[in-house]
Amino acid sequence: MTLWLTALLVWVAAGARVGRVLVKPATTARVAIVVAVAAVALAVTVAIPEMAVAIDNLMPGGVRGGWLSTGLVISAWILFTTATSVVASAAWPVVSRRNLRQVAMVVYGIGTVAIAITLAWSFTVGWIMVALGAVFIVTTGLRNLDWTILGRGIAIYIAGTALVAVLAVANVGRAFQDAAPTLPDEPLWGWAAWEVAALLIALGAVSIVIELWWRAKALLRRIRPLHQLMVGRFPEVVAPEQNATSAQLKASDHMAQVMDALYLLSGSGAVIPAAGEPPNSVSQRAAVVAEWARNPLGDLFVDARWIAPPPGISPRGWVLTLANQYEYALADAKAEPRNAAAAK
């Protein structure tokens, strides 16, 4: 059952990568990632015993006539390392965007030859190619790790690829030791580890999409009170064509609407000398703007200089900071009547 579930999850990841290619330019690297994840999905699907037996029965001699399924599994893993090597090649300084396509054609050519040799001659050669390709991918990935959304995705992806390298080397060792092949109706040797490797690769391939979606949903939740306040005052900031369905686009629209509404409330760019210069402290500045947005007729007032994001702060970070301070301002405003009543 876990084999089927693993195959399903990896195919879902492959579908997510296809969707990303459809909404963004289909670059050589993006297409290669789709090919790589689809190859992993194919490998884990063919490795399912029921699927393997059905495929082996396509041979003239039936299951005993050859190990077609094993050859297809190895070929799929070769395709995975080949396609991922194309992506890894783009990270090396000697490869530019201009010649990446030529490099990709060479790499795919090498992978095609390796698959042909594997199916026609020796499975051991195939495992050696998988191991070599995985080592190249892991080495390149380690050179480009950092604590960003992309870096975390690369870390998960190369963790799965490193496990693939270990398993490929283990299969080469088994071949040299003349280990008995797996029976047709049983999972391949080390199937549990192959499942983990496949899931790590699939997660690494879609982790960027997942994290961006999660961050967008979190942002929408955090800025909702401030957004509802400002859009309620200035409904004209919501354009009729702003009907985004994805969380990322919706979050971007809501941030722009908050900033546009604050701009209108501050006088549409007018500079008020009495407002003074904004303080250097981001939190202090955000607290003043948030309190003024809550009660624009109060003692505080600001102008466009206060509304603009402070130096070094992105619009996203600035709107999020304003939303946090606005919640504090609301809490303080609700606490004041209670404190006054308690004092009486």
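**View 1. Two domain centres, 49 Å apart.** In this predicted model, the C-alpha centres of domain 1 and domain 2 are separated by 49 Å. Domain 1 covers 1–207 and domain 2 covers 234–340, with bounds that come from an automatic or database domain assignment. Residue numbers start from 1 along each chain as its sequence is written, side-chain values use heavy atoms, and hydrogens and water are left out. Local features need pLDDT of at least 70 and side-chain atom pairs count only at pLDDT 80 or more, while totals for chains, interfaces and linings use all residues.

View 2. Follow the chain along its sequence and you will read α-α-α-α-α-α-α-α-α-α-α-α. That gives twelve helices (DSSP runs of H or I, at least four residues) and zero strands (runs of E, at least two).

**View 3. The overall dimensions of the C-alpha trace.** Along its principal axes, the trace spans about 90 × 50 × 35 Å. The radius of gyration of the chain is 28 Å, whereas a compact globule of 344 residues would have one near 20 Å; the value is taken over C-alpha atoms, and the globule rule is 2.2 Å times the number of residues to the power 0.38.

**View 4. Inside and outside.** Buried residues (under 20% relative accessible area, 1.4 Å probe, protein chains only) make up 40% of the 344 in the chain. Of the contacts (heavy atoms within 4.5 Å) with a separation of 6 or more, 76% join residues 24 or more positions apart.

**View 5. Charges of the chain.** Here, 25 positive charges (Lys and Arg) and 19 negative ones (Asp and Glu) are counted, leaving out His and the chain ends. Their mean positions lie 4 Å apart, with each charge placed at NZ of Lys, CZ of Arg, CG of Asp or CD of Glu.

Definitions and conventions. Buried means under 20% relative accessible area, exposed over 50%, partly exposed in between (1.4 Å probe, protein chains only).
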